[in-house]
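Work through the exercises below with the model open.

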Amino acid sequence: MEANGSGPQCFPELKNDTFLRAAWGEETDYTPVWCMRQAGRYLPEFRETRANQDFFSTCRSPEACCELTLQPLQRFPLDAAIIFSDILVVPQALGMEVTMVPGKGPSFPEPLRDERDLERLRDPAVVASELGYVFQAITLTRKRLAGRVPLIGFAGAPWTLMTYMIEGGGSNTMAQAKRWLYQKPQASHQLLRILTDALVPYLVGQVAAGAQALQLFESHAGHLGPQLFNKFALPYIRDIAKRVKAGLQKAGLAPVPMIIFAKDGHFALDELAQAGYEVVGLDWTMTPKKARERVGKTVTLQGNLDPCALYASEEEIGQLVQQMLDDFGPRRYIANLGHGLYPDMDPEHVGAFVDAVHRHSRLLRKN
């Protein structure tokens with residue numbers, strides 16, 4: 001048994017560390033692969049488990065989260081698991097009501113409208129204790145994984161969380177949230193600091209509970225241009241990496257690789273590569289070779305097959321994967337999709353993607 005940077009926990013020894021070694025930039029026998037949203041509605045067993053259950057009630061059940069996290073591992077030889085949860089548990093822990101509306105997505109009945117609404121938010125210091133159920137799910141899942149593969153924890157980045165809290169849900173333009181950036185810059189920074197102060201202990205707590213890597217999702221990066229991103233998103237992304245690493249050290253926890261995924265944030269790729277993360281995730285709009293030229297060889301890249309490529313035939317999926325692997329090269333690379341799996345995808349095609357990564361990457365290393 002090994003503590004493996006898990007504080008008081010004692011976990012089974014890790015048998016497959018390929019994902020972690022690739023994240024740290026070490027040599028691997030093949031290219032590791034996992035999928036964003038790999039625990040999701042594309043799996044019949046997921047739909048069966050979640051039938052007639054409230055989404056956030058499921059998130060608050062460590063047993064349910066553990067079961068859903070493990071489901072894809074029972075089907076596919078993935079190289080990592082990612083805990084089943086949601087980025088919006090953080091606004092909930094700050095005192096905001098969030099519901100998941102079928103067919104619509106997340107909804108905030110009382111979104112933030114002006115600076116005075118920030119007074120409604122709880123002290124960010126209480127967020128980690130409010131989210132104990134996530135930590136319990138991580139510990140339970142890490143034990144049930146029995147060392148098969150590493151477990152990834154995650155959170156939404158401050159700008160992305162801010163958009164939901166102001167828009168009240170999803171948006172095509174993020175006009176209300178961006179209005180804040182232009183009209184209420186001080187209040188915007190205040191909110192982003194609150195979120196950062198909540199996220200740091202939350203992420204450190206995930207590692208203490210058993211997470212072996214962390215991914216920060218800046219899912220709405222593409223709604224900002226370079227200037228707004230550099231002013232309202234990047235400083236907080238950097239601060240989280242710096243403070244989480246310091247927090248782990250202070251708590252006597254071993255360092256874990258951190259991944260930043262900024263969807264549609266191609267304009268900030270150079271800055272993200274210097275933001276303190278071991279891995280930079282790419283969406284499918286980026287060219288692997290150009291991305292590698294821009295970030296250099298000091299960070300690992302993750303991605304970036306178009307999720308819709310999984311609608312292609314299994315043969316074509318194999319060809320697309322081969323091209324992707326050729327373009328990224330064998331070193332400092334983790335295979336993934338350029339975004340999450342969609343609910344109507346065929347699990348057989350997900351399996352074809354995973355198998356193609358393993359098969360072609362082993363062949364690449366032989367040549």
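Buried means under 20% relative accessible area, exposed over 50%, and partly exposed in between, with a 1.4 Å probe and protein chains only. The model is predicted: local features need pLDDT of at least 70, side-chain atom pairs count only at pLDDT 80 or more, and totals for chains, interfaces and linings use all residues. Residues are numbered from 1 along each chain as its sequence is written, and side-chain values use heavy atoms, with hydrogens and water left out.

**Exercise 1. Classify Pro 185 by accessibility and list what it touches.**

Step 1. Pro 185 is in helix H10 (residues 185–209). Helices are DSSP runs of H or I with at least four residues, strands are runs of E with at least two, and both are numbered from the N terminus.

Step 2. Apply the cut-offs. The relative accessible area is 30%, so Pro 185 is partly exposed.

Step 3. Find the contacts (heavy atoms within 4.5 Å). Leaving out residues up to four places away in sequence, Pro 185 touches Trp 180 and Phe 232.

Step 4. Check one distance. Pro 185 and Lys 231 are 46 residues apart along the chain, and their C-alpha atoms are 9.8 Å apart.

**Exercise 2. Describe the surroundings of Thr 163.**

Step 1. Thr 163 belongs to helix H8 (residues 158–167). Thr 163 is buried because its relative accessibility is 0%.

Step 2. Look for a polar contact, a pair of N or O atoms within 3.5 Å; within protein, one must be able to donate a hydrogen and the other to accept it, and residues adjacent in sequence count only if both atoms are side-chain atoms. The side chains of Thr 163 and His 220 make one at 2.8 Å.

Step 3. Beyond four places in sequence, Thr 163 also contacts Gly 168, Gly 169, Met 174 and Ala 177.

**Exercise 3. Why does strand S6 count as largely enclosed?**

Step 1. Count. Five of the five residues of S6 (residues 258–262) are buried, so the strand is largely enclosed by the rest of the structure.

Step 2. Find the partners; two strands pair if DSSP finds at least two bridges between them. Strand S5 (residues 213–218) runs parallel to S6, joined by five bridges. Glu 218 has Ala 262 as its bridge partner in S6. Strand S7 (residues 279–281) also pairs with S6 in the parallel sense, over three bridges. There, Ile 260 is partnered by Val 280.

**Exercise 4. How many residues of helix H4 are buried, and what covers them?**

Step 1. Ten of the 14 residues of H4 (residues 62–75) are buried, so the helix is largely enclosed by the rest of the structure.

Step 2. Among the buried residues are Cys 65, Cys 66, Leu 68 and Gln 71.

Step 3. The cover includes H2, helix H3 (55–59), strand S1 (81–82), helix H7 (132–145) and strand S4 (151–156).

**Exercise 5. Which classes of residue line the largest pocket?**

Step 1. Count. The lining of the largest pocket has 23 nonpolar, 13 polar and seven charged residues.

Step 2. Trace the elements. Helix H2 (44–50), strand S2 (99–101) and strand S3 (105–107) each supply at least two lining residues.

Terms used. Ala, Val, Leu, Ile, Met, Phe, Trp, Tyr, Cys and Pro count as nonpolar, Asp, Glu, Lys and Arg as charged, and the others, Gly among them, as polar.
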